[in-house]
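This report describes the strand pairing, helix packing and local backbone features of the structure shown below.

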Amino acid sequence: MFSTKKIVLACGLGIKSLARQVGMDIPIRPQRGQILVTERTHPLLEQPFVTIRQTQEGSFLFGASHEEVGFDTGTTLEEMRRLAGHAVQVFPELARLQLVRCWGALRILTPDTKPVYVESESCPGAFVVTSHSGITLAPLHAQRLSEWIVEGVAPDGFEQFHPRRFDA
Ligand SMILES: Cc1cc2nc3c(=O)[nH]c(=O)nc-3n(C[C@H](O)[C@H](O)[C@H](O)COP(=O)(O)OP(=O)(O)OC[C@H]3O[C@@H](n4cnc5c(N)ncnc54)[C@H](O)[C@@H]3O)c2cc1C
């Protein structure tokens, strides 16, 4: 048995069942994205594009698909072909590179794709934090969100992230 004054539920697609235990219904769903990776090559792309990026090590990453397939993290030849075809259309030079990996991963999406940041009313001190674009939003999560959780004063405008917006 453990006790604590504050707890943050930040467990991606696992949030639904844990949030119910602190009185909250969080409507999230999985959405699969498949990503392709090429062998390494010399630097060709200085700026990342939304769907095509080159890592510092030289690999290209293409993606990602948007598929409603539940919790299936598999890959499909059809989608791999489509993603590769798009990448080669944009940067024909990529056609000479070998693909070395492909994987599927699940986005954590709310109905409007925006984050949920909320403190439970029935269990004060229990927070639910879930967000797609968790990497892009890291500065917000590391500063304003963590200050709210630690100090207890919600930043202006944070009420927009309450899941009650989905009840309308
Ligand atoms: C294809 C794809 C492309 C993406 N592109 C971008 C992008 O370009 N930019 C961007 O910012 N974001 C992107 N994202 C989204 C980003 O990956 C997520 O926003 C981020 O991973 C969410 O982090 P998280 O910690 O909330 O959840 P997760 O990374 O899912 O981590 C949740 C963790 O909680 C654990 N867990 C689950 N249930 C329980 C439980 N009951 N008890 C204990 N632990 C539990 C899980 O095992 C997991 O380790 C992309 C995602 C995908 C799938």
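## Basis of the description

Two strands are taken to pair if DSSP finds at least two bridges between them. Helices (H or I, at least four residues) and strands (E, at least two) are DSSP runs, numbered from the N terminus. The model is predicted: local features need pLDDT of at least 70, side-chain atom pairs count only at pLDDT 80 or more, and totals for chains, interfaces and linings use all residues. Residues are numbered from 1 along each chain as its sequence is written.

Strand 6 and strand 7 form a hairpin with six residues between them. In the turn, G125 has a positive phi of about 100°. The two strands, of which strand 7 covers residues 126–130, pair in the antiparallel sense over four bridges; V116 stands opposite T130 in strand 7. Strand 6 (residues 116–119) directs V116 and V118 one way and Y117 and E119 the other way, and all are buried. A residue counts as buried if 20 or more other C-beta atoms lie within 10 Å of its own, as exposed if 12 or fewer do, and as partly exposed in between, with C-beta atoms placed from the backbone.

Strand 1 and strand 7 run parallel and are joined by three bridges. The bridge partner of I7 in strand 7 is A126.

I35 stands opposite G63 in strand 4. The peptide bond from G63 to A64 is cis, with omega near -10°, and A64 lies in the loop between strand 4 and helix 2.

## Helix 2 and its packing

The 14 residues of helix 2 reach 20 Å from the first C-alpha to the last, close to the 20 Å expected at 1.5 Å a residue; the expected span is 1.5 Å times one less than the number of residues.

The buried residues of helix 2 are E79, L83 and A87. They cover an arc of only 70° around the axis, which puts them on the same side of helix 2; the arc is that of the directions from the helix axis to the C-beta atoms. An α-helix has 3.6 residues a turn, so residues three or four places apart point the same way. These buried residues pack against strand 2, strand 3 and strand 4, where contact requires C-beta atoms, placed from the backbone, within 7 Å. On the other side of helix 2, L77, E78, R81, G85 and Q89 are exposed.

## Loop residues

F91 is located in the loop between helix 2 and strand 5. F91 is partly exposed because 17 other C-beta atoms lie within 10 Å. The C-alpha atoms of F91 and I52 are separated by 9.4 Å, although the two residues are 39 residues apart along the chain.

T113 is in the loop between strand 5 and strand 6, whereas S133 is found in the loop between strand 7 and helix 3 (138–151). T113 is exposed, with 12 other C-beta atoms within 10 Å; S133 is likewise exposed, with 12 other C-beta atoms within 10 Å.

## The ligand shell

The ligand is surrounded by 20 residues, the closest being G12, G14, G33, G134 and I135. A residue is near a molecule or strand if its C-beta atom, placed from the backbone, lies within 6 Å of it. Strand 2 and strand 5 are the elements that give two or more residues to this shell. The largest share, four residues, comes from strand 5.

How values were computed: Contact = placed C-beta atoms within 7 Å.
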